[in-house]
Amino acid sequence: MSSNTSMHGHWKSRWLFILAATGSAVGLGNIWKFPYITGENGGGAFVLVYLLCISIIGIPVMIAEVSLGRMGRQSPINTMKALAKASNASPNWAIIGWMGALAGFLILSFYSVIAGWALSYTVDMANGDFVKISVEDSGSIFTSLLANPIQLTIWHTVFMVLTIAIVARGVNAGLEKAIKFLMPVLFILLFILFGYALSSDGFTQGFNFMFSFDFNKLTTESIMVAMGHAFFTLSLGLGAIMAYGAYMPENTSIAKTVVIVAFLDTAVAIMAGLAIFPIVFANGLEPSAGPGLLFQTLPIAFGQMSGGIIFGTMFFVLVSFAALSSAISLAEPIVAWMVERFNMSRNKAAAIIGISAWTLGMATVFSFNIWSDVKLFDKTPFDFLDFLTTNIILPLGGLCIALFTGWTMSQTKIKNEVGIDYPLLYKLWLFTLRFLAPIAIVAVLIKGLI
Ligand code: TRP
């Protein structure tokens, strides 16, 4: 253990780590999922709980997860084994790595299908299919995409192949370059969309929907969804960010870096919401439309704007790239472990994971059409996988990470690693990690599951 290098490679600088971690964090979770679950859970009060979860659970746990990764310098499974051994703790802590590898695989399976929707929309946009489109037609384009398993499978396949190709090449080769350019462009486009929304009739209503707190709308399930999403959107609790931490340079402050990543991630989500809800209200749509929200609303806006074909196409290209830079981090923990454990080439490990996740992904493809009546615990296969991973496994993983870092690791080592300069802040972080975050996670899980 405690080697200063990783066999899988390194980020060339602190900025590249920030970029990669932001690339992992910013994805479908921000642009597609956050707006639609905000809509389903009644708006402002949900947003507030989500922001609270990001601050008191997400950021502290993220600091811990990255630190564990950098101390271990291996795949999450082996990092946890090594750190547990060095702390004379039970080897069972490796469960964090195992659970995470499993969750990463499960999430990748459905993530790829949804990212496929964005690919499909890129092509439709470029074709001009949405020019001056009516609200009804926009809805029916989406519905007919979902009703068509062949179409969904094709795009799911394309996305999975792209993901695996990048993971196989290792992170330095192509992705670093791509996201360096794409992330800023994504921000600019979100600003343009936001500007459009600002000038639309629905802006005040959209804004109020997101920021006026009506706590009557908040159910126990919403609180659980808000917490789960805080983990999902920050890529926390499954070792993805631990794996990325393992490739982080030695002499950078983890805490400061994490705060930047969390801020950027939250900013993208809020901007996406502020772009979407005004369009929802201006066109008399339902905020609770569900997973189709983004796909049914934004094309209407692009269809009306001048230059809409170009902006719209660019937008969906960027969503696809944001999804790609997230998807690779879902595969990374398990691929890195297979390389270490079986001495396998990255190519082979990535191919095995890709083919398996693709196969499982077909359950999500069929959830929207031929299997829409197949229910597990009252949920379609897609909803079930999403619920199980996001709302249960990720918070459990986060809980274990908080407990292990707060109680089991040597405090001197941790203190040196995290890079929190102010003693008071460090104490606050440790207190949150030891008590506040675990209690909050357990309370929400217990209430949510009963
Ligand atoms: N954070 C990504 C998003 O918001 C999804 C994601 C990538 C993820 N890696 C993860 C979620 C690891 C949980 C854990 O789209």
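D386 touches K33, Y36, F110 and N391, leaving aside residues up to four places away in sequence, where contact means heavy atoms within 4.5 Å. This is a predicted model, in which local features need pLDDT of at least 70 and side-chain atom pairs count only at pLDDT 80 or more, while totals for chains, interfaces and linings use all residues. Residues are numbered from 1 along each chain as its sequence is written, and side-chain values use heavy atoms, with hydrogens and water left out.

D386 lies in helix α16, residues 381-408, and is buried at a relative accessible area of 9% (buried means under 20%, exposed over 50%, and partly exposed in between, with a 1.4 Å probe and protein chains only). T405 is also found in helix α16; T405 is buried, with a relative accessible area of 0%, and touches A64, L68, Q411, I414, W429 and L433, again not counting residues up to four places away in sequence.

Helix α2 (residues 28-40) packs against helix α12 (residues 254-282) at an angle of about 60 degrees, with the axes 8 Å apart. Angles under 35 degrees count as roughly parallel, over 145 as roughly antiparallel, 65 to 115 as roughly perpendicular and the rest as oblique, and α2 and α12 are therefore oblique to each other. On the α2 side the contact is made by N30, I31, F34, P35, T38 and G39, and on the α12 side by D265, V268, A269, I270, A272, G273, I276 and F277.

Terms used. Axes are lines fitted to C-alpha atoms, for helices over the stretch in contact, and angles run from 0 to 180 degrees between N-to-C directions. Helices (H or I, at least four residues) and strands (E, at least two) are DSSP runs, numbered from the N terminus.
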